[in-house]
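Please read them with the viewer at hand, one point at a time.

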Amino acid sequence: MNNNQKKRNFQIEAFKHKVVVDPKYADKTWKILEHAIHEIYNHNASGLSFEELYRNAYNMVLHKFGEKLYSGLVSTMTFHLKEISKVIEAAQGGLFLEELNRKWADHNKALQMIRDILMYMDRTFIPSTHKTPVHELGLNLWRDNIIRSSKIQTRLLNTLLELILRERTGEVINRGLMRNIIKMLMDLGPSVYQEDFEKPFLEVSANFYRVESQQFIECCDCGDYLKKAERRLNEEIERVSHYLDAKSEAKITNVVEQEMIANHMLRLVHMENSGLVNMLLDDKYEDSGRMYSLFRRVSNGLSTIRDVMTSHIRETGKQLVTDPEKLKDPVEFVQCLLDEKDKYDKIISLAFSNDKTFQNALNSSFEFFINLNPRSPEFISLFVDDKLRKGLKGVSEEDIEIVLDKVMMLFRYLQEKDVFEKYYKQHLAKRLLSGKTVSDDAERSLIVKLKTECGYQFTSKLEGMFTDMKTSQDTMQGFYATHGSELGDGPTLVVQVLTTGSWPTQPSVTCNLPSEMSVLCEKFRSYYLGTHTGRRLSWQTNMGTADLKATFGKGQKHELNVSTYQMCVLVLFNNADRLSYKEIEQATEIPSSDLKRCLQSLACVKGKNVLRKEPMSKDIAEDDAFLVNEKFTSKFYKVKIGTVVAQKESEPEKQETRQRVEEDRKPQIEAAIVRIMKSRKVLDHNNIIAEVTKQLQSRFLANPSEIKKRIESLIEREFLERDNSDRRLYRYLA
Amino acid sequence: MGIQNDRVRFNVGGKIFETTATTLAVAGRNSFFGAMFDENWNFQTENSHEFFIDRNPNCFSILIDLLRTGELFIPSNIPEKLLYREAQFYGLLDHVRAAKWGPFDGNQVRFSQAVMGQAPGDGTAIRAGPDGGCCVAHGSIVHVYDWMLQELPPINLDYQRVNDIGWIDAETVVAATSERLGRGRGGAALFGAATGELTHRFQVTHEDQVKSYTAGALSFSTDYKIFSSCKGRSNEYGIGVWDQITGQQIDFYYEPIGWSLGDADRLQWLDNTNCLLVATLFPRKDNCYISLLDFREKEHGLVMVRYRGSNHRREAGPRRDRYGREQFHLSRLMKGKMPDEPCYPKLALYDGQLFSSMNDSISVFSGPDWVLTSRLRRSYGGSICDFSIGGDRLFALHSEENVFDIWEAPPPPVT
């Protein structure tokens with residue numbers, strides 16, 4: 001513009017075209033259009049000619065009267081909207097919204113028609129002058145003259161909020177009308193909807209739910225409260241879908257979540273008699289599932305549930321594993337653990353949608369309390385022993401697998417897996433040697449599971465035991481094939497040759513076998529050593545069994561199935577009627593604890609008392625005397641006389657096992673230290689402890705002070721040395 | 001619209017036409033016919049079933065034919081401008097525009113027309129707009145043309161020499177100009193394409209002081225940034241960055257010693273990698289640089305890579321401008337025999353086709369092996385100093401005469 005003005009001085013006036021013929025042309029044309037706009041607003045458009053109006057508007061723009069046309073439009077439309085505003089204001093009570101809605105529809109229609117007439121202006125004049133297009137202009141004028149007029153703005157908002165409140169309290173409102181009005185606000189632009197409606201709506205809603213949640217929480221139990229909260233949440237979502245902007249859904253649900261859930265979360269979870277703990281105790285899947293789905297909507301919601309569940313499981317688990325009643329029966333003990341696990345697995349799958357974090361919490365809780373009881377490894381092994389001895393009879397293969405898998409799951413929680421291994425070996429040995437195992441497949445299946453869990457090393461010895469059993473069978477066949485003829489009808493000997501190291505070794509205390517047996521044993525020894533040179537054979541009489549044929553006083557014949565010790569005792573009575581405890585002990589040289597147990601089972605068990613004790617009492621004393629019970633009867637021909645075995649280990653035995661476990665750990669810890677140091681060469685104390693612990697945790701939890709002792713020992717043996725300058729560093733000596 | 005009585009009778013400027021409401025519906029709601037047939041308006045057939053329109057009947061017949069067939073045939077006796085005016089009246093200009101030329105394909109384009117300008121030769125740059133128009137920079141003025149090739153008011157920034165131009169959108173052109181010695185101002189600014197009015201000046205602030213500067217090459221990123229090489233008066237050389245929407249300066253990358261960012265002749269935004277390629281050529285000297293500014297690190301921790309070459313080496317870089325088209329520019333500088341007014345070869349990549357200008361022709365290379373498939377040549381106007389593709393058109397600016405050619409693909413055949 002500056003340039004133009006400067007240059008004007010030098011410019012020769014251009015020849016002027018006479019563009020406008022009639023000086024009043026513009027005014028006249030505008031009058032026609034203004035009249036048309038009045039007629040349109042007065043519902044009187046039927047007499048208007050579209051072509052004429054369009055042409056007039058076109059001509060005005062063409063002849064540079066666009067500005068006049070535009071400003072005329074603004075003032076005419078504003079005039080009509082002010083009139084409309086008065087009509088709406090005058091509407092009484094409930095008719096207010098309906099009037100507003102009707103006028104809005106009228107205005108929209110009028111706006112469309114006006115835009116049709118002024119289409120040319122809209123397309124050419126408006127973009128080049130950066131003015132507001134006709135449609136948008138119409139909306140803006142409606143907003144400023146109607147929606148934000150002082151007499152309508154608050155009334156509209158209050159009416160809308162009042163209707164929503166009424167709907168919340170159960171009344172039926174005209175949702176169609178609501179939808180139209182809300183749609184109008186949205187059409188006027190997101191800021192109108194948000195500022196004039198949404199923001200106050202959210203505030204009012206927050207207040208409403210704050211008060212309501214307070215009422216509910218005072219008078220409802222947790223389950224009912226959650227049901228109500230869920231219903232409110234769904235109502236709001238439904239409301240949004242019916243007549244609010246879809247973008248409001250997240251905002252209003254957020255309000256409900258905050259007021260009804262987040263603010264009362266702890267109180268709900270811990271609610272007396274109906275909180276989460278009660279839901280868990282009573283297996284209320286539906287209620288706890290509802291709690292899960294509601295709490296997951298708020299931050300920290302799930303962690304709150306999880307923490308309460310975790311501490312509850314830990315607490316009940318701790319009670320369970322330390323309950324002296326439960327400790328009496330290992331099978332029952334483990335069964336309780338399994339039941340507990342099943343219970344929570346079911347809760348997590350039914351109520352907590354199999355949430356991984358919940359499963360992890362469950363696992364860590366089990367790991368926590370199972371290891372609180374140092375006897376857990378033993379008990380789990382005993383449970384397996386029980387199942388594999390008798391419990392699985394008549395159970396299908398699949399069910400066996402299920403039981404074994406569950407056992408494996410408990411096994412995984414154990415920190416001292418090597419202790420389990422120890423016990424498992426003992427129990428397996430007993431099962432194998434006494435031929436008590438029910439299913440070879442089940443045994444092997446469990447070994448395969450242990451192998452996949454802990455590696456080849458863990459099970460190699462267990463597998464060795466099975467191999468020994470098989471080899472022994474072959475050896476016995478060989479023995480009888482070569483010596484069968486010379487043995488005549490003496491006693492039959494079955495020997496199981498066990499590899500030292502594979503089997504749980506017990507200090508072998510040999511007893512005096514009856515002479516006919518020891519002869520046979522010698523024959524086997526010379527046969528075996530003849531075929532396998534360079535081996536040593538020692539008898540483990542404490543682990544054997546024997547079948548005896550016995551005839552009692554009145555001629556009752558029975559076959560007695562007894563242990564080797566029992567056999568030794570009973571055979572003594574072939575040559576004597578009455579023997580004192582001392583005499584028996586001298587003759588057999590059975591260790592006294594074993595002998596007592598063995599005599600107890602022969603004389604004190606009702607129905608199986610093939611011996612008679614004087615005096616009659618439950619326990620065996622040093623000066624007792626024993627006689628054959630001539631009156632022994634049994635409805636079975638075969639009588640199995642069990643040893644009175646302490647199924648659980650006695651206290652000293654337990655100490656012994658523990659000691660052996662500790663002893664076995666030493667080389668493993670040392671091996672781990674050497675492995676680590678070999679690769680790292682130099683490492684400080686804390687890191688060694690950490691790495692050793694990590695390496696060994698699949699087998700047991702290494703004790704730091706024990707690791708320290710092992711390091712000392714390795715330094716003594718010059719595998720490692722301390723660094724000269726930094727005493728905390730260890731160096732590997734190749 | 002009455003389906004039963006589909007026939008419509010018009011009297012246009014005294015000539016009777018008959019057509020159907022169905023044909024008129026093709027015009028769309030946002031047109032004269034669309035509004036006329038809306039139920040709001042009582043469609044009157046008062047005078048013997050005739051509807052009078054006070055317009056040119058010859059153009060009406062062309063436009064009604066366009067609505068009937070989708071094809072545009074303009075008889076030689078009708079000036080295009082007349083037809084465009086009539087189409088504008090009915091709100092059918094978009095239909096005309098769509099029927100005039102088809103989707104761009106370098107192997108299908110035909111020469112459409114040449115436009116003569118008043119300015120002397122020696123154009124600086126030509127840039128195709130997104131809707132078929134273009135702008136041409138000559139010295140200190142930019143001529144803007146709409147898609148009908150009607151010249152709009154020209155653009156100038158205090159008549160400072162224009163170094164580069166570009167389209168922000170169909171309504172907005174940005175021009176980068178030199179600072180006038182001793183007078184200040186210059187720099188880059190936004191103009192309304194239709195009005196030629198200055199709408200915004202991009203300012204450069206150094207240490208809280210607004211400084212005048214010379215804006216060189218321009219580039220645009222898809223996240224609405226504008227980059228320009230800048231030369232300030234007190235050695236404030238570097239790359240300025242502005243926001244296209246707010247117009248505010250976002251950043252300024254000062255050139256490190258020896259990097260010549262402020263002198264850059266070409267900037268290219270590499271969209272996929274968030275990098276800016278800066279090419280600086282010193283035609284009289286024996287070296288040129290390509291620098292890569294890595295914007296992946298949001299902060300000033302900007303990684304820069306630099307390639308250096310002598311003048312006979314190639315200098316290249318792909319770019320995607322804000323309309324999503326890949327473009328590729330390359331200059332091969334001829335060592336030794338440097339003409340006084342060199343027309344560097346230019347490259348552009350469009351929709352998988354590579355375009356390369358050399359002397360008075362543009363070669364089109366297609367396919368994965370970039371085989372030469374077409375050559376666009378016009379003997380008139382001398383060698384091509386710049387060309388640009390956009391709005392489904394190719395504009396080529398000649399250096400000797402002030403004339404630019406428009407190449408466009410024919411509309412797809414009506415089946």
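The numbered points below take up chain B and then chain A, and they concern a predicted model.

1. Chain B in outline. Chain B has 5 helices and 31 strands, and of its 415 residues 54% count as buried. Among the contacts in chain B that link residues at least 6 apart in sequence, 47% join residues at least 24 apart.

2. The length of helix α3 of chain B.

3. The ends and the buried residues of α3(B). At the start of the helix, a side-chain oxygen of N56(B) comes to within 2.7 Å of the backbone nitrogen of N58(B), while just after the helix G70(B) takes a positive phi of about 80 degrees. The buried residues of α3(B) are P57(B), C59(B), F60(B), I62(B), L63(B), I64(B), L66(B) and L67(B).

4. Helix α5 of chain B. In this helix, which runs over residues 93-100, the residues L93(B), V96(B), R97(B), A99(B) and K100(B) are buried.

5. A pair of helices in chain A. Helix α10 (residues 190-219) and helix α11 (residues 222-243) of chain A pack at an angle of about 160 degrees, and their axes are 11 Å apart. Angles over 145 degrees count as roughly antiparallel, and α10(A) and α11(A) are therefore roughly antiparallel to each other; their crossing is right-handed. On the side of α10(A) the contact is made by F201(A), F208(A), Y209(A), E212(A), S213(A), F216(A) and I217(A), and on the side of α11(A) by Y225(A), K228(A), R232(A) and E236(A).

6. A buried lysine in chain A. Is K449(A), which has 14% relative accessibility, buried or exposed? K449(A) lies in helix α23 (residues 440-454) of chain A, and it counts as buried because its relative accessibility of 14% is under the 20% cut-off. The side chain of K449(A) makes a polar contact with the side chain of E401(A) at 2.9 Å, and another with the side chain of D405(A) at 3.0 Å. Leaving aside residues up to four places away in sequence, K449(A) touches E401(A), L404(A), D405(A) and M408(A).

7. Backbone points to check in the viewer. Most residues other than glycine have a negative phi, and most peptide bonds are trans. In chain A, the peptide bond from E614(A) to P615(A) is cis, with omega near -10 degrees, and P615(A) is placed in the loop between β4 (611-614) and β5 (625-628). E718(A), although not a glycine, has a positive phi of about 65 degrees; it lies in the loop between α31 (704-716) and β8 (720-722) of chain A and, at 62% relative accessibility, counts as exposed. In chain B, N359(B) is likewise a residue other than glycine with a positive phi, near 55 degrees, and N359(B) is found in the loop between β26 (353-358) and β27 (361-366).

Terms used:
Residues numbered from 1 in each chain as written. Chains lettered and ligands numbered in written order. Predicted model: local features only at pLDDT ≥ 70, side-chain atom pairs only at ≥ 80, totals over all residues. Heavy atoms only, no water. Buried < 20%, exposed > 50% of the residue type's maximum accessible area, 1.4 Å probe, protein only. Helix = DSSP H or I, 4+ residues; strand = E, 2+ residues; numbered from the N terminus. Polar contact = N/O pair within 3.5 Å; in protein donor to acceptor, adjacent residues only side chain to side chain. Axes fitted to C-alpha atoms, helices over the stretch in contact; angles between N-to-C directions. Parallel < 35°, antiparallel > 145°, perpendicular 65-115°, else oblique. Left-handed = near helix turned anticlockwise from the far one by under 90°. Contact = heavy atoms within 4.5 Å.
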